[in-house]
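I'm jotting down what I look up as I go.

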Amino acid sequence: MATAVEEIIQKLQRDINCLSDENKTTRRRALEKLQRETTHKKPTYRSDIIHGLLNNGVLKPLLKMFSDPMERCRDLAITIVSECMSMVSEPAHFLPLIIPVIVTRLGTPEISEPSEEIR
């Protein structure tokens with residue numbers, strides 16, 4: 001299993017790195033690809049593979065995206081984490097990482113996305 005997880009992480013590493021890019025389109029595309037390659041992958045990954053992915057570098061960058069200024073990126077990150085939690089056999093293992101992020105996110109003022117002026 002460890003080698004399968006390592007291979008998948010290696011394949012996704014560029015997208016994981018793109019989550020911290022300044023360009024919102026780059027971040028959105030990286031999230032969309034992560035979703036396609038993890039939770040929407042056919043055939044689906046086994047529970048232990050998803051668990052290994054989350055443990056080895058995918059979860060923390062996704063949790064950082066919960067505070068992204070772009071609503072679509074926040075929504076995608078939350079969806080991916082939610083779908084992953086439904087796929088793993090022991091979601092309680094990740095709660096110590098997830099709950100503080102959610103509490104912080106709920107306790108902050110609403111993030112307003114900059115918009116263009118409509119004429």
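This is a predicted model: local features need pLDDT of at least 70, side-chain atom pairs count only at pLDDT 80 or more; totals for chains, interfaces and linings use all residues.

**Helix α2 and beyond**

I started with Gln35, which sits in helix α2, residues 24-37. Helices here are DSSP runs of H or I, at least four residues, numbered from the N terminus. Residues are numbered from 1 along each chain as its sequence is written, and side-chain values use heavy atoms, with hydrogens and water left out.

Is Gln35 buried or exposed? I get a relative accessible area of 11%, so Gln35 is buried (under 20%; exposed is over 50%, partly exposed in between, with a 1.4 Å probe and protein chains only). Skipping neighbours within four places in sequence, I find Gln35 in contact (heavy atoms within 4.5 Å) with His40, Leu76, Thr79, Ile80 and Glu83.

I then listed the buried residues of α2: Arg27, Ala30, Leu31, Leu34, Gln35 and Glu37. At the start of α2, I noted a side-chain oxygen of Asn23 within 2.7 Å of the backbone nitrogen of Thr25.

Next I looked up Val5, in helix α1, residues 2-18. Val5 is buried, because its relative accessible area is 3%. Leaving out residues up to four places away in sequence, Val5 touches Ile49, Gly52, Leu53 and Asn56. I also checked Val5 against Ile99: they are 94 residues apart along the chain, and their C-alpha atoms are separated by 25 Å.

Last entry: Leu95 belongs to helix α5, residues 95-107. Leu95 is partly exposed, at 40% relative accessible area.

How values were computed
Helices (H or I, at least four residues) and strands (E, at least two) are DSSP runs, numbered from the N terminus. A polar contact is a pair of N or O atoms within 3.5 Å; within protein, one must be able to donate a hydrogen and the other to accept it, and residues adjacent in sequence count only if both atoms are side-chain atoms.
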